[in-house]
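Could you walk me through this protein in my viewer, one selection at a time? I would like to know what to click on next and what I will find there.

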Amino acid sequence: MLRKIDTAERPEPDAGDEGTPVSVKIRERLLAARQRFNANDNIAEFIEPGELESLLDEVEHKMKDVLEALVIDLENDHNTENTARRVAKMYLNEVFRGRYVAPPSLTEFPNAEHLNELMIVGPITVRSACSHHFCPIIGKLWIGVMPNEKTNVIGLSKYARLAEWVMSRPQIQEEAVVQLADLIQERTQPDGLALVMEAEHFCMQWRGVKEMDSKMINSVMRGVFLKDPNLRREFLALIPRRS
């Protein structure tokens, strides 16, 4: 999770930095705070108001350089006339949005009825991207929760919103599921938490071995799901048959 920093910790803006790319300014803040900024990290706290639009312009400009390096005639090819802008908007506003925006707000309720029975949410459709090749990862996610009297209860749709926020980053599936489990554990404090994700990886289907039928399935078990094999079996048995 991001470490909160005081305004005093941030370097004072330099009056002569108007020509400095916004990506450099954001990176300098991250480095000054000794904050990691890997592909699957959220950096929203270090982005000032209005900077996302400037970052969009910067990514568009650099994407044009990529297209030109691929020897594509951007002056005369009508099909790629606005491709750089479209790709920049896709990365920042959609598929990698989870890096640049704050987490979704959640309305939490106390467990007034002392619910302590297994609850399963899913399948939730998840969309992500492989950080090795920036190819899509698309699949399904199931979340099992064993609440206790102190567990914060959140709406079912909020699990999908949290999943979308975490998955909308370049990453590998194994780390994404752990990251989501950590977030749900922190926000709800259940006795047990279980996640299973099944996904297709286009970096394996579109390139490389070009294997179309393979999928990756992984799970994370926390608390009583890890300790109680009967509860774990119940959760796995109740998940609808995966395709």
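Here is a short tour of a predicted model, from its nonpolar cores to its aromatic rings and its cysteines.

**Stop 1: the cores**

Begin by selecting Leu141, Ile143, Tyr159, Leu180, Leu195 and Met197. These residues have the most contacts inside the largest nonpolar core, which has 30 residues. Now colour the elements around them: β2 (119-130), β3 (136-146), α4 (156-167), α5 (173-188) and β6 (192-201) each give this core at least two residues. As background, nonpolar side chains in soluble globular proteins tend to be buried together.

Next, zoom in on Leu195. Leaving aside residues up to four places away in sequence, Leu195 touches several others, including Leu141, Ile143, Val177 and Leu180. Asn218, Ser219 and Val220 are also among its contacts.

Then select Ile26, Ile47, Leu55 and Ala88. They are among the 14 residues of another core, which lies apart from the largest one.

**Stop 2: the rings**

How many aromatic pairs does a search of the whole structure find? There are four. To describe such a pair, one gives the distance of the ring centres and the angle of the planes.

Show Tyr91 and Phe134. Their ring centres are 5.8 Å apart and their planes stand at 75°, so this pair is edge-to-face. Tyr91 belongs to helix α3 (residues 83-95) and Phe134 to the loop between β2 and β3, so the pair ties together parts 43 residues apart in sequence.

Phe96 sits in the loop between α3 and β1 (108-109), so its pairing with Phe134 ties together parts 38 residues apart in sequence. Are these two residues buried or exposed? Phe96 is buried, at 5% relative accessible area, while Phe134 is partly exposed, at 41%. Together, ring pairs link Tyr91, Phe96 and Phe134 into a cluster.

For another ring, go to Trp165: the charged end of Arg169 sits over it, 4.4 Å from the ring centre.

**Stop 3: the cysteines**

A disulfide is a covalent bond between the sulfur atoms of two cysteines, and a search of the whole structure finds zero of them. Cys130 is buried, with a relative accessible area of 4%, and Cys135 counts as buried at 5%.

Technical notes:
Residues numbered from 1 in each chain as written. Predicted model: local features only at pLDDT ≥ 70, side-chain atom pairs only at ≥ 80, totals over all residues. Heavy atoms only, no water. Core = buried A, V, L, I, M, F, W, Y, C linked by side-chain atoms within 4.5 Å. Buried < 20%, exposed > 50% of the residue type's maximum accessible area, 1.4 Å probe, protein only. Helix = DSSP H or I, 4+ residues; strand = E, 2+ residues; numbered from the N terminus. Contact = heavy atoms within 4.5 Å. Phe/Tyr/Trp six-rings, centres within 6.5 Å; stacked < 30°, edge-to-face > 60°. Lys NZ or Arg CZ within 6 Å of the ring centre and 35° of its normal. Disulfide = S-S within 2.5 Å.
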